[in-house]
Amino acid sequence: MTQQSVATSDKLDAAVLKVAGVVVLGAIMSILDVTVVSVALPTFQSEFDATYARVAWTMTGYTLALATVIPLSGWAADRFGTKRLYMVALALFTIGSGLCATADSIGELIAYRVLQGLGGGMLMPLGMTIMTRAAGPHRIGRLMAVLGIPMLLGPIGGPILGGWLIDVASWHWIFLINLPIGVIALIYAQMALPKDAPEPSESFDFLGMLMLSPGLALFLYGVSSLPETGTFAETKVWAPMLVGGALVVAFVLYSFRPRHPLLDLRLFRNRNLTIASVTLFVFIIAFMGAGLLFPSYFLQVRGESTLAAGLLIAPQGLGAMITMPIAGTLADRVPIGRTVPFALALIVIGFFSFTQVDAQTSYWVLGASLFVMGLGMGGTMMPIMTSALRTLQAQEVARGSTLVNILQQIGGSVGAAVMSVILTNELNGSRPIPGAVDPNGEPITEAGLAIAAQQRPELLQQIPVDPSIIERGLDFAAKSFAHTFWVAFGLVVLTFIPAALLPRRRQRAQLDNEQGEQVKTPVIIH
């Protein structure tokens, strides 16, 4: 009887897979949205007659909203129940998507993206909590393996779908596509997710919220303003960073006092969680920051359409699709300290080609490099997140997933801002074209004109120049991308340092959790 129970608990039954399907739909929708918008930025520039720094706020505003709402998700999940809150998050995201499609100005689009972010910020931490509770910590690696392939439809399909919709229809459809998915996900969630069992006794940390959420938003606002200003000396950069940083530090000092803090930093006493979180944070800064530049290289330096840029990025997702299920299965059997360093090595090998890019680099080389990087990514992200959550107690999972997700969002925001600043400063070093100025009276550089002419060839009729200037500008732009990729490459190499501390033996806590879950499985299902 006991052996049968154990065997059954090791498998992902239909009930667990049904719950996982809800999370997959929400994850695809939120991930699809990020990747679709990344290839649409040049379209927003021409559509709304705005600078790159301005349209980049369609992504930054979304991230700021994520940073504001993620700290609330742990408490809210316990207080109101994961099902109810997950459905609210889905509804907010879907409504925000519909509003984005109606935007008449870049300001409206940014505002509606913030509304989207308020819903999207809760989808991932809540989804991880729902999955971990449904499967149990000892099966979370296997569950991630099952979820990995459909979740990768977002990063693979996003740029391709976004590029195709922009080319054959209009940019509005990159947001309208979320409406049917959102409605289906809401109906599915109502039917599939187990009934909530909220815990109304836990108090809400209002003081912590007043410090952490505004602190994170202000700090990330300052960081995200760097690409526009190009220097820390501007007030709009250092002032919010200083105030935001002070609020975050005050929250850290305060958070150990209340019984139920907004963000439970006591969880970092768990060595596994701490090491996995640091590894993930460093990795996200490098990989996600540089990842946003891949479509920009194909669009701006190589002059590809949005659809072509999406297709050229697809090998990365295909590589991850191969290794993610393997890594998820291994994560249940082999300590990740023995597998993640090999996956990181694949990323380093693939990444190196991008540090050597020029205006004529072979697409076969770049495609193969992205594929190898994808193989590494599939063996890195999910196992690290699995390791972070596996040894937590059941009542700590919601708080743990909140911690992991907020670190992931901060890392992504910092990485995107840092890489954008480096690239912008590199491009600004291009030689100005004598006598050529933009509508604001600023001199037009060779790289600036070459990049603009890739998407709008008619500019060369308005500003007639020697073809050699355009060629020289593209070469300079390609070198600027290469220098920026060198910084990201160095950060990926640095990830080996915390990764070396990841567990290389099965932990006692993990074994206890497995045994406990196997014994308690009938109770959990009930």
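Phe352 is partly exposed in this predicted model, with a relative accessible area of 39%; partly exposed denotes values between the limits for buried (under 20%) and exposed (over 50%), computed with a 1.4 Å probe and protein chains only. Phe489, by contrast, is buried at 13%. The rings of Phe352 and Phe489 form an edge-to-face aromatic pair, with 5.9 Å centre to centre and 65° between the planes. Because Phe352 belongs to helix α17 (residues 340-352) and Phe489 to helix α23 (residues 467-494), the pair ties together parts that are 137 residues apart in sequence. Rings of Phe, Tyr and Trp (its six-membered ring) count as paired if their centres lie within 6.5 Å, and planes under 30 degrees apart are called stacked, over 60 edge-to-face and the rest tilted. Helices (H or I, at least four residues) and strands (E, at least two) are DSSP runs numbered from the N terminus.

The model is predicted, and local features require pLDDT of at least 70, side-chain atom pairs count only at pLDDT 80 or more, and totals for chains, interfaces and linings use all residues. Residues are numbered from 1 along each chain as its sequence is written, and side-chain values use heavy atoms, with hydrogens and water left out.

The structure holds 17 aromatic pairs. One of them joins Tyr297 and Phe298 in an edge-to-face arrangement, at 5.4 Å centre to centre and 65° between the planes. Tyr297 is buried, with a relative accessible area of 0%, and Phe298 is likewise buried at 1%. Ring pairs link a cluster that includes Tyr297, Phe298, Phe352, Phe485 and Phe489. Helix α15 (residues 293-301) is mostly covered, nine of its nine residues being buried; among them are Leu293, Phe294, Tyr297 and Phe298. Just after α15, Gly303 takes a positive phi of about 70°.

The largest nonpolar core comprises 125 residues, of which Phe44, Tyr86, Leu109, Phe175, Phe351, Phe354 and Phe485 touch the most other members. A nonpolar core is a set of buried Ala, Val, Leu, Ile, Met, Phe, Trp, Tyr and Cys residues joined through side-chain atoms within 4.5 Å. When residues up to four places away in sequence are not counted, Phe485 touches Ala290, Leu293, Phe294, Phe351, Phe354, Thr355 and Val357, a contact being heavy atoms within 4.5 Å. Another core, of six residues, lies apart from the largest one and includes Leu226, Val237, Met241 and Val421.

Ser277, in helix α14 (residues 271-291), is buried at 3% relative accessibility. With residues up to four places away in sequence again left aside, Ser277 touches Phe268, Val404 and Leu407.

Helix α16 (residues 306-331) contributes the largest share of the patch, four residues. Ile322 lies in α16 and is partly exposed at 45%.

Overall, the protein has 25 helices and two strands, and 56% of its 526 residues count as buried. The protein exposes about 21,800 Å², of which carbon and sulfur atoms supply 66%; accessible areas come from the Shrake-Rupley method with a 1.4 Å probe.
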